Amino acid sequence: MIKTDFWSKPPLILVVDDERTLRLVLRRVMQQEGYEVVESMDGEEALKVCQQKDPDMILLDAMMPGMDGFTCCAELQRRLGEDCPPVLMITALDDGPSVDLAFKVGATDYITKPIHWPVLRQRVRRLLQTQWAMSQLRQQVERERLLTEQQRKLTEDLEKANEELHRLASVDGLTGIANRRYFDGYLEREWKRAARHRFPLSMIMCDVDFFKLYNDTYGHQAGDDCLKLVADVIGRNLKRPTDLLARYGGEEFALVLPETLPEGAVYVAEHICQELRERAIPHQGSRISDRVTLSCGVATIVPKNESNLRELIKTADMALYQAKQQGRDRVVFKSCS
């Protein structure tokens, strides 16, 4: 008896033959080898049994009335495709065309009548072992595919997590615009680019007028909402992807405008101040208006080897200070020395 330890249960063999006596003999021989057996007397019945029982192998007679073995085998291949179990064709025909036809319609192997039983046993054993090995290989391939898919998804998840961490590290938690950390790095990169190509680099420093009084009047929650609205107004006035808006600290905002001349930077700043006035955010605590206003300091520089980016920040900050000294709600431009 063949050892079937590699199967989780005894293999199921479908015997298809219109001769009842031969079916009984085949059943007995296969059962002696440790296999389970089901029978069909013709091709049509065999197709139904395959759908119901899912056999591990088929012993198929070639010459039967109605649907013969060749037609049955071709139909099994059409219906089951790669899931079709191995088919061992049993035929009295041993001529070349018949053998070629058997393989053409999908038979895995064939054996001629009268049956040589030791040969049949060996053929069945070999085909079942091959079938088991192929099944294991497919399972391994599927496991590896799933593992690869899991690894790919894990990699994607890690990349998304890293992107999100990078974004969180670069974004101000309140307003959703760039934070001071990102601003410093971006300004340095644009400074080097401007120095390389001799481009002008402009900066605007904005401060919400009397913001402490706003918090005292409306509360800190309203103050946070006010900063969000101001950030939205400023952001709407930046039209180029290279322009950057950042929260510089508290109620102060900073804008980096690469390749922008002084008149262009002043225009942007004045447009921001005007749009904020038109937004008409109430500010009863302000000493200059009944609505929220901005003071803006503008500076422009064409970086040179001997210059320093701190010079641009310092100049813009000084311009902002002058805007406050001159009465707030205005734009002041100051040239870098």
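A crossing of two helices is left-handed if the near helix is turned anticlockwise from the far one by less than a right angle, and right-handed if clockwise.

**Figure 1. Crossing of helix 8 and helix 9 in a predicted model.** Helix 8 crosses helix 9 in the right-handed sense. Helices (DSSP runs of H or I, at least four residues) and strands (E, at least two) are numbered from the N terminus. Local features of this predicted model need pLDDT of at least 70, side-chain atom pairs count only at pLDDT 80 or more, and totals for chains, interfaces and linings use all residues. Residues are numbered from 1 along each chain as its sequence is written, and side-chain values use heavy atoms, with hydrogens and water left out.

**Figure 2. Packing angle of helix 8 and helix 9.** Axes are lines fitted to C-alpha atoms, for helices over the stretch in contact, and angles run from 0 to 180 degrees between N-to-C directions.

**Figure 3. Residues in the contact between helix 8 and helix 9.** Helix 8 contributes L229, V230, D232, V233, I234 and R236, and helix 9 contributes I272, E275, L276 and R279, where contact means heavy atoms within 4.5 Å.

**Figure 4. The protein chain around these helices.** The chain holds 10 helices and 10 strands. Its C-alpha trace spans about 115 × 50 × 35 Å along the principal axes. Of contacts between residues at least 6 apart in sequence, 66% join residues at least 24 apart.
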